[in-house]
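The sequence and structure are shown first.

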Amino acid sequence: MDIEICADGTVNFYAAQQHWNASQNGKDKSVLETANFAGQRLMAMTDDAGGFDLHYLGFKTAGFATMEAAHRAAPEFARRVLTRMSAMVAD
């Protein structure tokens, strides 16, 4: 089976990957940052307790003390989410 990126996927899949950006609405960078992982947006954001959460494809992980700690954990989190999603596809 051949697969290719279609026109509507081009922007996401050819955008810079794992490059963190602050929110575009002028809020403090320490509140929300996003990056593309495997062509899909991953968000690092503050929680209500002063820590940081990661959100990706409908999944979440929490408990990071700093935004930098959330950044460091993001690649492993994305891999785990994609692995879990892959396991959800039946033969």
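## Salt bridges

Three salt bridges are counted in this structure, which is a predicted model. The paragraphs below take up the residues involved, beginning with a lysine–aspartate pair and continuing with a group in a helix.

## The pair K60 and D53

K60 and D53 form a salt bridge in which the closest N and O atoms are 3.7 Å apart. K60 has a relative accessible area of 52% and is exposed, because the term applies to values over 50%. D53, by contrast, has a relative accessibility of 6% and counts as buried, since that term covers values under 20%.

## The group in helix α2

Helix α2 comprises residues 67-87, and both E76 and R79 belong to it. These two residues are three positions apart, about one turn of the helix, and their side chains meet in a salt bridge with an N to O distance of 3.2 Å. E76 is partly exposed, its relative accessible area being 35%. R79 is likewise described as partly exposed, at 48%.

A salt bridge also connects E76 with R80, and here the closest N and O atoms are 2.9 Å apart. E76 and R80 stand four residues apart in helix α2, a separation of about one helical turn. R80 has a relative accessibility of 58% and so counts as exposed. Through salt bridges with shared partners, E76, R79 and R80 are joined into one network.

## The loop residue Q17

Where does Q17 lie? Q17 is located in the loop between α1 (7-14) and β1 (21-22). Q17 is partly exposed, with a relative accessible area of 32%.

Which residues are in contact with Q17, once its neighbours within four places in sequence are left aside? They are N12, N36, F37, A38 and G39. Q17 and M67 are 50 residues apart along the chain, and their C-alpha atoms are separated by 18 Å.

Notes: Residues numbered from 1 in each chain as written. Predicted model: local features only at pLDDT ≥ 70, side-chain atom pairs only at ≥ 80, totals over all residues. Heavy atoms only, no water. Salt bridge = Lys/Arg side-chain N within 4 Å of Asp/Glu carboxyl O. Buried < 20%, exposed > 50% of the residue type's maximum accessible area, 1.4 Å probe, protein only. Contact = heavy atoms within 4.5 Å.
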